[in-house]
Amino acid sequence: MKNFSFSAISKSALVPSVLALGLLAGCSDNVGKVSLGLFTTKDVVIEAKQDPIISGVTCHISHVEANLDFSDPSDMSIACRQTGPITEEQLNKIDRSKDGDIVFKQSKSILFKSLKVRRIYDAEHKTLIYLSYSTKESSGSHHHSLSTIALFNTQGWNWALQQAKTSS
């Protein structure tokens, strides 16, 4: 989360920033913060976020935080790994449509730009896909990043096999 100093910004700028930070969904833990240089107010922040439904999945998301700007850059990266059991009960709760579920959302500006992470189930390959993306175009592109977790060797593998049989 951003550290605010009342002397560095006005109270009128503080209110929208605090409200924007309140939009962060899911369990989050800041695990790293790297400055981009001595003469910049930008940092690369690394957060660990546990999937709220599939608790055996943790995603590490890195993104640029511009401390004195009203809008953070759109660049981000994601890496998700199995960090605990992935069970049939958990998998029964996920959206299996092509759109999947939004599992995390974080505001990146006061003007409608946000970083989102969506979980999509790839039934053919029995894989969970985590897509992070920016909701606002930047430099002619909607920045995005992708990470996958195969269900093979998890408790959810039998669930995936049953889903494949019922859809055939």
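Just so everyone knows, the model is predicted.

Two elements each give two or more residues to its lining, β6 (114-122) and α3 (157-167). Which of them gives the largest share? That would be α3, with four residues. If you want to click through the lining, the residues include Arg96, Ser97 and Lys98, then Ile120, Tyr121, Asp122 and Ala123, and also Gln163, Ala164, Thr166 and Ser167. Ile129 is on the list too. By type, the lining divides into five nonpolar, four polar and three charged residues.

Next, the strands. β7, residues 127-134, runs antiparallel to β8, and seven bridges join the two. One spot to look at is Tyr133, which stands opposite His144 in β8. Now β8 itself, residues 144-150. In a regular strand the side chains alternate between the two faces of the sheet. Here, the covered face of β8 has Ser145, Ser147 and Ile149, while His144, Leu146, Thr148 and Ala150 are on the uncovered one.

Are the two partners buried or exposed? Phe152 has a relative accessible area of 52%, so it counts as exposed. Trp157 is at 24%, so that one is partly exposed.

How values were computed
Residues are numbered from 1 along each chain as its sequence is written. This is a predicted model: local features need pLDDT of at least 70, side-chain atom pairs count only at pLDDT 80 or more; totals for chains, interfaces and linings use all residues. Side-chain values use heavy atoms; hydrogens and water are left out. Buried means under 20% relative accessible area, exposed over 50%, partly exposed in between (1.4 Å probe, protein chains only). Two strands pair if DSSP finds at least two bridges between them. On a 1 Å grid over the protein atoms alone, a cavity is a set of points where a 1.4 Å probe fits but cannot get out, and a pocket is an open set with protein on both sides within 12 Å along at least five of seven lines; lining residues have an atom within 4 Å of a point. Ala, Val, Leu, Ile, Met, Phe, Trp, Tyr, Cys and Pro count as nonpolar, Asp, Glu, Lys and Arg as charged, and the others, Gly among them, as polar.
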